[in-house]
Number of protein chains: 4
Amino acid sequence: MTINFRTDLAVEAHEYVATQNPQGINGVDVQDQNFQDHFVKRVEITTPGASQQMGKQMGRYITLEMPDFRKKNTEFEERVSQTFAQQLNSMLPPSPNQNVLIVGLGNWNVTPDALGPKVIDRLLITRHLKSMMPERFSNNDYQTVSALAPGVLGLTGIETSEVIEGVVRQTQPDYIIAIDALAARDVSRLNTTIQISDTGIHPGSGVGNKRKGITREDLGVDVIAIGVPTVVDAVTVTSDTIEMVTNTVAQNSQGGQGGQFYQALNSLDGQQKEQLIAEVLNQNLGSLIVTPKEIDRLIEDISDVVAGGINAALHPVIDYQDATKHLY
Amino acid sequence: MTINFRTDLAVEAHEYVATQNPQGINGVDVQDQNFQDHFVKRVEITTPGASQQMGKQMGRYITLEMPDFRKKNTEFEERVSQTFAQQLNSMLPPSPNQNVLIVGLGNWNVTPDALGPKVIDRLLITRHLKSMMPERFSNNDYQTVSALAPGVLGLTGIETSEVIEGVVRQTQPDYIIAIDALAARDVSRLNTTIQISDTGIHPGSGVGNKRKGITREDLGVDVIAIGVPTVVDAVTVTSDTIEMVTNTVAQNSQGGQGGQFYQALNSLDGQQKEQLIAEVLNQNLGSLIVTPKEIDRLIEDISDVVAGGINAALHPVIDYQDATKHLY
Amino acid sequence: MTINFRTDLAVEAHEYVATQNPQGINGVDVQDQNFQDHFVKRVEITTPGASQQMGKQMGRYITLEMPDFRKKNTEFEERVSQTFAQQLNSMLPPSPNQNVLIVGLGNWNVTPDALGPKVIDRLLITRHLKSMMPERFSNNDYQTVSALAPGVLGLTGIETSEVIEGVVRQTQPDYIIAIDALAARDVSRLNTTIQISDTGIHPGSGVGNKRKGITREDLGVDVIAIGVPTVVDAVTVTSDTIEMVTNTVAQNSQGGQGGQFYQALNSLDGQQKEQLIAEVLNQNLGSLIVTPKEIDRLIEDISDVVAGGINAALHPVIDYQDATKHLY
Amino acid sequence: MTINFRTDLAVEAHEYVATQNPQGINGVDVQDQNFQDHFVKRVEITTPGASQQMGKQMGRYITLEMPDFRKKNTEFEERVSQTFAQQLNSMLPPSPNQNVLIVGLGNWNVTPDALGPKVIDRLLITRHLKSMMPERFSNNDYQTVSALAPGVLGLTGIETSEVIEGVVRQTQPDYIIAIDALAARDVSRLNTTIQISDTGIHPGSGVGNKRKGITREDLGVDVIAIGVPTVVDAVTVTSDTIEMVTNTVAQNSQGGQGGQFYQALNSLDGQQKEQLIAEVLNQNLGSLIVTPKEIDRLIEDISDVVAGGINAALHPVIDYQDATKHLY
């Protein structure tokens, strides 16, 4: 049995599969690390079978969970930015002075999809400075960083991966960091979770659909993906709510399991249920998303954390504690 | 029996109450007018009883429905802007050369709440021009228009109505037009409906909560309210979906009405159901809204229609056909 | 002899008058204080005669000079924000728990004039929080702060001072802090200088022209003005350049003072010279300004410093060292 | 004698050279066409000698002059958009259904340099639609258009031309249209002139400096360049003003030519004069530009005209009269 709902987060896929398989899942290693007010969970998928079960590529996924992030708090932002920088560093090649291309995926005109471009805007870009002022931007202090927000197919008419492939050919980076807004299943994860993975970005993930991948297979270099869930699909939210409500009612109603009707409701397969929900949601009008009302501010705040963490992880001269100070 | 869900639209309240009262509602007059590709519905609430039943103030509500508005189409926008201008005009005082204050309510930092400020930015403002260049801005061509985006309590620390009251005292307008983003119940109404009413804006309506009203009682002058639904509360969406899904299952399941479980589910009162939904939605994290993914663009487009219509309705010199041409 | 050029800065007026009066100016006290990489100059105008000579109201003017501010440097920004907070504090009433209204003047659609609204957006606003959660926002920790960006006459049709007067009547603040973009004479002051004064804002100052004042006389409460020069008028720049070039040529040319032509050039009075320049600059096309190319970024950076400093100066709970951390 | 000041406009270079060579310039053809309230001037540089004299590449330059453009007027914008579309069309390859890549050069964070990205945002992009819905987007109605805003070196660390070259390799366009903000010499040209040329974009032109070219030589396909002057360098403005003022004084002063001093002033060569001016302008602080105060609005308006004109020129389905209606 495989996962049948939409999430870009390995931790959500793992939670779901673990619930279905209480005896344990072969081929998945999980490690937890707790900080004062935030948490790190590492999930590694090591076998093709586990990959299929979870609907996620084989590889490493680090998830930083910050349940209180939506409450504005500068010191807390600094602490999580520091943890994020350290976790990101653990995914990066150890050799110094790499040539790194950072791509900010997504549509800058759609707030919940604008994470990538917003992070790009805050990064310390050095590729041109290192060639123009090599003494001031020495290898001991700075790696070679370039960045690009390639836009989305609807804005450019060009597949995102085509733009990136063209730039990779010209600039020959050692590896790529790709930043994207994600879809979660659980609304409590919106803007409170950052995922880092070494699997690249595969078609169909992200808030906007990209049809080609941004992976080592496509581009010839490693791709580290950084993502933050900013929306839940409205169909997912309502579907989960129905399940939760009917289960609760069933447990509380007379006779425990409630008879024919409950069975009828439960016997709806996923497709039928989605069709009913889609009627309510008038999906023909276009995608409906569930998002926090203050999404505009939350995207700014988490872009600070991600950009600050990337700057600190990449450039030896920037201390982890000062991650959010060096935004540009 | 009164309405027990959240909507700022009189037509939605009316639809609901009409379903509950198939024999008709006393004290509500409804008129329909159909155009090529958009529709106008007038609802007038004439008795306190009907007002209570519908949960809406006594007064006139004109609703412009444009089901295809989310598809970008310039000619269509021009046609609906023209209809909107005419309908708005039917609500305005007939005497020429009034002094009109237009207030754009809502938070410019929150996309779905930014309708009011965005409309204000596009209006033709004449109060200062008429005093500086009275010949060029004659009474035959232009009324006296001033405008204000007072912000929201969270941004200013001042009740919106306090700011407006202060400005009304200084500028002594003949009447006020207040523009606000609304909450609907039905997702298909998002960014496809414009409501005009002569009731002002009462506490608790709008996307952000305003605690004092913007009404003749509060301010001493008439207030025409213009609103566009831009969000549906996530609790409303999921609650409606559950009801629709269970009703459909009940009709299709064996034995017609499905037995105990359906009864148990239906016997949940509104409060219990909302509590269950709130658990799924983790409401303690803050408001979750359901909105079209392309809300950023939709808000721009409908702001053009509303602002163009206001300009044409107010200033004799602007033809209705050219409404959207005179945006500033 | 009085000053005959346009500057909103008391230090520039003083420099000019001091050059014309090498023997000293009666009625002006000047104090300097030097920090590691920034400087504070206090000018106090104590007599009507000095006021007339300098073209500035009687009162205190504190100027913070940060010649290197245009180079991005986070630590430096923190240091100047701290100094700014302390200097601002020296202008504020000593009694705790005042009710302060902060107004951000200027046009948010014109980058160099958007300083006021941008600062407002970053402030910690407490007036509503103190009434809703009095224990959490106690008088020991937080003063009562509300804020408003009233827009400009061209956007609203209402004099800025009318909007403020209306709000002052409603909210009865103890005093006002008014933030505005200024015009300087010397381009090196653009975005490198902050002026604080206890004189309020008088008609004709600021980047956009306000015709009524924002002063104790107009509003009945003290007005502390904070300003940053963001533009120099193009006429001023070219006029000064001509003077400097011709003087240099005169000194270097044979015969020292260069004969008839130099005399002819110098005998041009200000009005004639401005008329010649205006022809070159085609002033009929509208105002031309001189501004740094990167003005968009500079406005963001200096808004951080000003807003951080105001937050720290007003709220006892915020340390001066953490001024820029508490932006909202 | 060659031109020694900075302008990106062929008409300005021509005016200057024509003044210096009243007997005519070999190798330059000029044609004028006057419309009701705007003008078209075609300059063709046909010989290397003329190219060197004018400091401009050999090729065709069409200039659309709209002296009243800064005054907001929708009908006028429509008329000039239509003329612009026709003139642009005269530069484009006649064969139907070309694959066109449109690049919007410049820095979206710097208002006067943001023309290119802003135009890109308003274009009708069809490349992906034609492959997904070939019947709806037939060759008779739509050409194949893709678009890119590659950013600037300081934001990306990558030469603009490298990004474009990479994308050209991937998407194999038939030709390129490149849009850029320009520097003029005469302030009256700011936001009132559009230049179209078939020469591509050469290093050093544009508001931001691009070091590699965007030309047929660099990219292997034709490049049509569209530019609008949005700034004048502050040194240029002051230098021109000095010249104009001293000449006027000389003519009016006794003895006509004014003696030694005038000669001394005139004997300053360009470099000495620029050095003196640079001292006044403190150029070490970074570039100073002269720009209209309302540049933010003007850039929006002219982006509408340019984008509308490109849409109409490229897609047979769009009428020239409706150019500005089809912005996206």
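This tour moves through a predicted model, chain by chain, saying what to select and what is found there. Residues are numbered from 1 along each chain as its sequence is written, while chains are lettered from A and ligands numbered from 1 in the order in which they are written. Because the model is predicted, local features need pLDDT of at least 70 and side-chain atom pairs count only at pLDDT 80 or more, whereas totals for chains, interfaces and linings use all residues; side-chain values use heavy atoms, with hydrogens and water left out.

Begin with chain A, which holds 12 helices and nine strands (DSSP runs numbered from the N terminus, helices being H or I with at least four residues and strands E with at least two). Of its 328 residues, 62% are buried, where buried means under 20% relative accessible area, exposed over 50% and partly exposed in between, with a 1.4 Å probe and protein chains only.

Next, select Glu300(A) and Lys118(A), which form a salt bridge whose closest N and O atoms are 2.8 Å apart; the term requires a side-chain nitrogen of Lys or Arg within 4 Å of a carboxyl oxygen of Asp or Glu. Glu300(A) belongs to helix H12 (residues 295-314) of chain A and Lys118(A) to helix H4 (residues 115-121) of chain A, so the pair ties together parts that are 182 residues apart in sequence. Glu300(A) is partly exposed at a relative accessible area of 29%, and Lys118(A) is partly exposed at 24%.

In chain B, select Asp68(B) and Lys71(B), a salt bridge with its closest N and O atoms 3.4 Å apart. Asp68(B) is partly exposed, at 40% relative accessible area, whereas Lys71(B) is exposed, at 59%.

Move to chain C and show strand E1 (residues 28-34) and strand E2 (residues 39-45) of chain C, which pair in the antiparallel sense over seven bridges (pairing needs at least two bridges found by DSSP). E1(C) and E2(C) form a hairpin with four residues between them, and Gln33(C) stands opposite Val40(C) in E2(C).

Finish in chain D with helix H4 (residues 115-122), which is largely enclosed by the rest of the structure because six of its eight residues are buried. Among the buried residues of H4(D) are Leu115(D), Ile120(D) and Arg122(D), and the elements against which the buried residues pack include strand E4 (99-104) and helix H12 (295-314) of chain D, a contact being heavy atoms within 4.5 Å.
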